[in-house]
Amino acid sequence: MQTESKIDLEQIVKMKLPPLPGSVMRISELLQDVNVSQHKITEAISYDPMLAARILRLANSPIYAFQQNVTSLSTAVTALGNKPIYEMLLMGMVADSFGHEIRNSAIGRDIWLHALAVGFASRELCALLGMRGTEEAFSCGLLHDIGSLLLYKANALLYIEIFNKNQRDNLSPLEKVAFGFDHAQVGAVAANRWNLSDPVCMTILHHHNPTESSQAVFLTRIINVADNLSYLKNQKLPLSEDFINSFPVMSLGFKAEQLETVWEKVVENLREAVKTFFR
């Protein structure tokens with residue numbers, strides 16, 4: 001396998017990670033303010049026509065099944081609430097930042113669909129445990145492989161070779177040989193550059209090795225479970241004994257039937273997300 005002439009990790013992120021649009025930062029801040037009015041949120045979203053259209057589409061999707069057709073942005077914002085809007089904002093941010101890679105490459109699309117699945121699964125696993133902070137779980141799940149998109153963007157031919165040579169859930173060893181670091185390390189630096197919280201950055205860094213995390217310990221385990229669950233299901237593989245008896249699954253107390261139920265919800269959400277971003 002060809003190896004990349006070693007390039008600094010920070011340099012890859014600086015060169016290949018698009019800056020966050022000002023509108024995204026503004027809306028994100030508003031959505032995380034418990035005292036903000038729905039009017040302010042609606043007004044901020046109205047300046048982003050793409051996001052507004054996505055939110056209207058989400059409000060009219062089978063996931064929510066409101067009794068009447070939602071035609072105004074203000075009604076959609078009120079009906080949905082802040083959490084689904086935050087998720088749509090985050091999905092749009094990644095989809096728009098890596099639109100070329102996602103739309104024009106089978107590998108880019110594979111990474112994106114897996115990221116969506118892990119985001120939805122992480123949120124459902126958090127809810128199953130009755131944990132707060134499902135938005136943060138969704139963020140970590142959606143962004144856990146953002147480093148893969150950046151490595152692909154940095155050297156598409158080399159990353160295709162890596163992707164085709166190894167199992168989807170075990171890319172890190174070849175990434176380290178080729179680049180000197182893996183997608184988890186790149187993703188953590190990218191999350192930091194986007195000014196995401198330290199727990200989010202650390203969760204992304206340790207999502208393959210949750211026992212190494214000293215911050216957001218339970219969240220890191222949840223992302224690991226969601227990541228492996230999504231991989232097995234997307235490969236049409238059964239939930240193996242190794243997975244069910246793994247430390248993250250056992251420590252969180254998940255049973256196989258619960259994980260199957262979580263995946264059913266993920267599939268429903270994934271179907272609607274694909275309609276929204278690939279229409």
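A residue is called buried when its relative accessible area is under 20%, exposed when it is over 50%, and partly exposed in between. The structure shown is a predicted model.

Q: Which residues of helix 4 are buried?
A: In helix 4, which spans residues 49-59, the buried residues are L51, A52, R54, I55, L58 and A59.

Q: Why are the buried residues of helix 4 said to line one face of the helix?
A: Looking down the axis of helix 4, the buried residues fall within an arc of 165°, so they line one face. An α-helix has 3.6 residues a turn, so residues three or four places apart point the same way.

Q: What do the buried residues of helix 4 pack against?
A: Their partners are helix 2, helix 3 (38-46), helix 5 (73-80), helix 6 and helix 18 (256-277).

Q: Why does H206 count as buried?
A: The relative accessibility of H206 is 13%. The cut-off for buried is under 20%, so H206 counts as buried. H206 lies in the loop between helix 14 (198-205) and helix 15 (217-234). Not counting residues up to four places away in sequence, H206 touches E212, S213 and T220.

Q: Why is D110 called partly exposed?
A: D110 has a relative accessible area of 34%. D110 is found in helix 8. From D110 to M50 the C-alpha to C-alpha distance is 23 Å, and the two are 60 residues apart in sequence.

Q: Which residues touch the most other members of the largest nonpolar core?
A: They are I45, M91 and L259, in a core of 92 residues. Helix 8 (residues 106-128) gives the most to this core, with 11 residues. In soluble globular proteins, nonpolar side chains tend to be buried together.

Q: What is L259 in contact with, leaving aside its neighbours within four places in sequence?
A: Contact means heavy atoms within 4.5 Å. L259 is in contact with L125, V225, L229, L239, F243, I244, V249 and F254.

Q: How much space lies in the largest pocket, and which residues are closest to its centre?
A: The largest pocket holds about 560 Å³ of space. Its lining has 22 residues, and S28, Q32, Y86, S139 and L196 are the closest to the centre.

Q: What makes up the lining of the largest pocket by class?
A: The lining has 11 nonpolar, seven polar and four charged residues. Helix 6 gives the most to this lining, with six residues.

Key: Residues numbered from 1 in each chain as written. Predicted model: local features only at pLDDT ≥ 70, side-chain atom pairs only at ≥ 80, totals over all residues. Heavy atoms only, no water. 1 Å grid on protein atoms, 1.4 Å probe; cavity = no way out; pocket = protein on both sides within 12 Å on 5 of 7 lines; lining within 4 Å. Points joined across faces, edges and corners; volume = space filled by probe spheres on them. Helix = DSSP H or I, 4+ residues; strand = E, 2+ residues; numbered from the N terminus. Nonpolar A, V, L, I, M, F, W, Y, C, P; charged D, E, K, R; others polar. Buried < 20%, exposed > 50% of the residue type's maximum accessible area, 1.4 Å probe, protein only. Arc of directions from axis to C-beta. Core = buried A, V, L, I, M, F, W, Y, C linked by side-chain atoms within 4.5 Å.
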